[in-house]
Structure formats: C-alpha cells, structure tokens
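Please examine the model shown below. The report that follows describes selected contacts and the packing of one pair of elements.

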Amino acid sequence: MMRSEFVIEGVKKFSIEQIAESGQAFRWEKDQNGGYTGVAFGKVINVIQEKDKVIIKGANKEDHQKIWKNYFDMDRDYGQLIKGLKGKDIHLDSAILFGEGIRILNQDLWEMIISFIISGNNNIPRIKKSIDIICEKYGDFIDEIDGKKYYSFPSPSQLSIATVDDLRKCGVGYRDAYIHKTTKVILEKQVDLDLIQNMNLEDARKELKKLTGVGDKVADCILLFSCKKTTAFPVDTWVKKILTTYYGLKKTSVKEVNKFAIEYFGEDCGIAQQYLFYYIRNQNL
DNA sequence: GTCCAGGCTCTTT
DNA sequence: AAAGAGCATGGA
C-alpha cells in the first residue's frame, strides 16, 4: 500500500511510546515493529522513532503543519520546561528521568470530554475498549491497515443517534446517561465548546462542570489534554497517593491541591503532574 | 468472594 | 461546606 510519510529530524524529549502509554490518550496501539498507530482528528497515523528522528506514516507535510505539529505540542520547548522543574525534589526528578519523552498532547476538546467522562472510576484498558466500540459504531470509517479497520471519533451529531441503551451496550456502564445528556447539551450549544478554548482556567472549569459526568478532576484532564491549560492539575487516585505519601499533603480538596501545585511546581504544574502520574503507574506494575 | 480503577451525582449531616 | 452511599464492569 502506498502511504505518504513525514519525517521530523532532531526531535528532543519525545518518546512515542511514553506518549501513547501515558494515559492522556486512549486511541494509540503498539504495532509489531515497535511503532504506534493512533487515530486523531479523523486520521490514522503510524509513528516510529529512531532516536531523535520521528517518522509519521500516513501524513504529509501539510497534515503535519495543520494537525500533528500542534497535536504533539511541538512548539513547546520541553528541554527548557524540564530545566525549570528539576531540582525541586527527588520524586519529581526521578519521574522526569523516567518519562522525559512525555508530551502533553493537544487533542480534540469534544473527544476529551466524552473520553474522560468514561474514565471516572474506571481503568485504562476498559476505557480504551469502550471508546473503540463507540468509534466503530458511530464514527466514520477511515481506513483499513494490515487488516484492521480504523474509525474516527464520532461528532456530537453522530453520537446523538445513540440512545442510553445503545451507549450501555458500548460497555460504559452507568456513565451511559452522562454521555447521552452531555452530547445533547453540546449539540444544542447550551455549553459552547468554541468559547471554552479561550477562557481562563477557572471559567473553563466552571463551564465544563455544567456537563453531567464532569467534575473537577475530569474537567482538569479535559483542559490539560485539549486546551493547553497547563495550570490544570488533575487529581485522581494515583496522584492523591503521591501527594499524601511523598508531598505530605493532608487535605486533598481541589482548592488546596491546586494552590499547592501552582506554588510548588509553577505554571506548568499540569505537566509535572503527568510525569508523576506516568512514573507511579509504572512502578508496581 | 473482595478490592480497585485517571470520580461523579445525589443525599444527608 | 463536608462527608457518605451508590454506581456498571472487568481484571487481579
């Protein structure tokens, strides 16, 4: 099969493996060649890496300029960022050393909303499976590669066809009603996604929490992984464990934690959170 | 069988 | 404002 490819040379602080396995994106899969295949913004790409050379199969220069450059957060200097985070404590230093190829992706806002509604009180393999089913049932067929069919994440309009029972059959459990309501509210623009991108963190979080199934943690994930809000500091069960055992936090209320995070880790605390999350999740597994 | 997973909503203090 | 119960589902 003839597929175009785009090569980026001299890429620092970039590991497609760490990015794909870091729990911020749910549509990346390892292939036989050590590369990763992912779906985003209606396209399928395969990424393989030879040290600081990143090869994106299924993309051309125009795609890269329009989609993937921003998706992979290529305009942020992670070397500089890491310099600013290093030397604070042994835990973060270890986490950065372990996951220095992580990047915070800039994903589709709508897709992140539904994906992280599904993530609540759930585990990553099952989140992935549910999203796969949803895409296959309600998204567009994109391509077939090595015998596997790939589908886009459905638009609000496409997903609005699904009833609550239909959604239950996608394996999302009791979150079926959350997804159903949220889809309707977004489709009717009772919550306008175009406005959220430009809001400050507080306002954006408040707006997102109007959606059923979106609380503080889910809102922070959405804003960090799709809106460049690096001051968002999502606190899940893992991060809570880190904060109480390593950073001596007794109270883990959203307000307390966010205040601590910004004061201690700085304006890019959300990215620090991601290094810590990736690190602790790979310790005992 | 119990416990847990990138928590939230709803109810009760 | 804060704390607790209940929630689908599958894997350990």
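In this predicted model, a polar side-chain atom of N121 is placed 2.9 Å from a base nitrogen of DNA strand C. Such a pair is a polar contact, defined as two N or O atoms within 3.5 Å; within protein, one must be able to donate a hydrogen and the other to accept it, and residues adjacent in sequence count only if both atoms are side-chain atoms. The table lists further contacts of this kind.

| Protein atom | DNA atom | Distance |
|---|---|---|
| R126, polar side-chain atom | DNA strand C, base oxygen | 3.1 Å |
| Y174, backbone N or O atom | DNA strand C, sugar or linking oxygen | 3.1 Å |
| Y174, side-chain N or O atom | DNA strand B, base nitrogen | 2.4 Å |
| N123, side-chain N or O atom | DNA strand B, base nitrogen | 3.4 Å |
| D236, polar side-chain atom | DNA strand B, sugar or linking oxygen | 3.0 Å |

The model is predicted, so local features need pLDDT of at least 70 and side-chain atom pairs count only at pLDDT 80 or more, while totals for chains, interfaces and linings use all residues; side-chain values use heavy atoms, without hydrogens and water. Residues are numbered from 1 along each chain as its sequence is written, and chains are lettered from A and ligands numbered from 1 in the order in which they are written.

Around DNA strand C are N121, N123, R126, R168, G173, Y174 and R175, where a residue is near a strand if one of its heavy atoms lies within 4 Å of it. This surface comprises one nonpolar, three polar and three charged residues. Here Ala, Val, Leu, Ile, Met, Phe, Trp, Tyr, Cys and Pro count as nonpolar, Asp, Glu, Lys and Arg as charged, and the others, Gly among them, as polar. Sugar or phosphate accounts for 57% of the atoms of DNA strand C within 4 Å of the protein, and bases for the rest.

DNA strand B has 29 residues around it, of which G23, I124, Y174, W238 and Q273 come nearest. By class, 11 are nonpolar, 14 polar and four charged. Helix 12 (216-226), helix 13 (237-245) and helix 15 each supply at least two residues of this surface; helices are DSSP runs of H or I with at least four residues, numbered from the N terminus.

Helix 15 (residues 269-281) also packs against helix 14 (residues 254-265), at an angle of about 95 degrees and with axes 9 Å apart. The two helices are therefore roughly perpendicular, a term for angles of 65 to 115 degrees.

How values were computed. Axes are lines fitted to C-alpha atoms, for helices over the stretch in contact, and angles run from 0 to 180 degrees between N-to-C directions. Angles under 35 degrees count as roughly parallel, over 145 as roughly antiparallel, 65 to 115 as roughly perpendicular and the rest as oblique.
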